[in-house]
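Here is a short briefing on side-chain packing, aromatic rings and surface features. Look at the structure first, then read the points below.

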Amino acid sequence: MKKESFIFRRAEVYDILSVIKLIENRCLWMKENKINQWDEEYLKFYNFNYFKERIEKRELFLVENFQKIVGTFVLLEEDERWENDVPAYYIHNFATDTEIRGIGSEIIEYCENLCRKNSKKTLRLDCNINNNKLNDYYEKKGFKTVGICDESPEYVGYKREKIIF
């Protein structure tokens with residue numbers, strides 16, 4: 001997949017069902033691959049109304065490839081799970097098409113560039129503490145573990161951040 005074929009844009013209300021389908025497919029893929037991150041309960045909380053609100057706040061982004069949505073993420077400037085002690089962006093609801101490799105790297109690079117453009121010092125996210133594969137991926141992308149996000153029993157994750165230069 002050529003880098004030039006990915007188009008980043010903010011989501012519109014008419015995109016919500018495509019976003020939900022993309023996340024449903026990723027949840028199913030995680031279940032089939034025994035990856036502990038999202039389950040069938042995920043979309044009960046992160047539902048149509050949640051994504052509609054993210055669109056209204058201009059926080060929901062899409063990645064398109066030849067007019068097909070192949071990636072999505074929410075980008076926040078503050079996150080209640082963090083101290084919000086430095087100018088930062090927080091990535092949430094990060095999902096990609098299971099059939100196309102490399103989209104995740106493109107999203108991270110896009111967010112890093114937004115950090116630089118908007119004078120953010122760090123890019124932050126969290127990941128289930130038991131999701132070794134995804135934690136390894138983020139580690140290789142330069143995200144260091146800086147704490148624990150404990151919402152027991154529903155969720156315990158590592159807080160991860162990447163300092164942006």
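**Around L114**

L114 is buried, at a relative accessible area of 15% (buried means under 20%, exposed over 50%, partly exposed in between, with a 1.4 Å probe and protein chains only). This is a predicted model: local features need pLDDT of at least 70, side-chain atom pairs count only at pLDDT 80 or more, and totals for chains, interfaces and linings use all residues. Residues are numbered from 1 along each chain as its sequence is written, and side-chain values use heavy atoms, leaving out hydrogens and water.

- L114 touches F61, L75 and Y89, not counting residues up to four places away in sequence (contact means heavy atoms within 4.5 Å).
- The C-alpha atoms of L114 and Y89 are separated by 8.7 Å, with the two residues 25 apart along the chain.

**Aromatic rings**

- The structure holds 15 aromatic pairs (Phe, Tyr and Trp rings, the last by its six-membered ring, with centres within 6.5 Å; planes under 30 degrees apart are stacked, over 60 edge-to-face, the rest tilted).
- One of them, W38 with Y42, is stacked, at 4.1 Å centre to centre and 20° between the planes.
- Both W38 and Y42 are buried.
- F45 and Y50 form a tilted pair, at 6.5 Å and 40°.
- F45 is exposed at 57% relative accessible area, whereas Y50 is buried at 15%.
- W38, Y42, F45, Y46, Y50 and F51 form one aromatic cluster.

**Charges over rings**

- The charged end of K120 sits over the ring of Y89, 5.1 Å from its centre (NZ of Lys or CZ of Arg within 6 Å of the ring centre and within 35 degrees of the ring normal).
- The charged end of K159 sits over the ring of W82, 5.3 Å from its centre.
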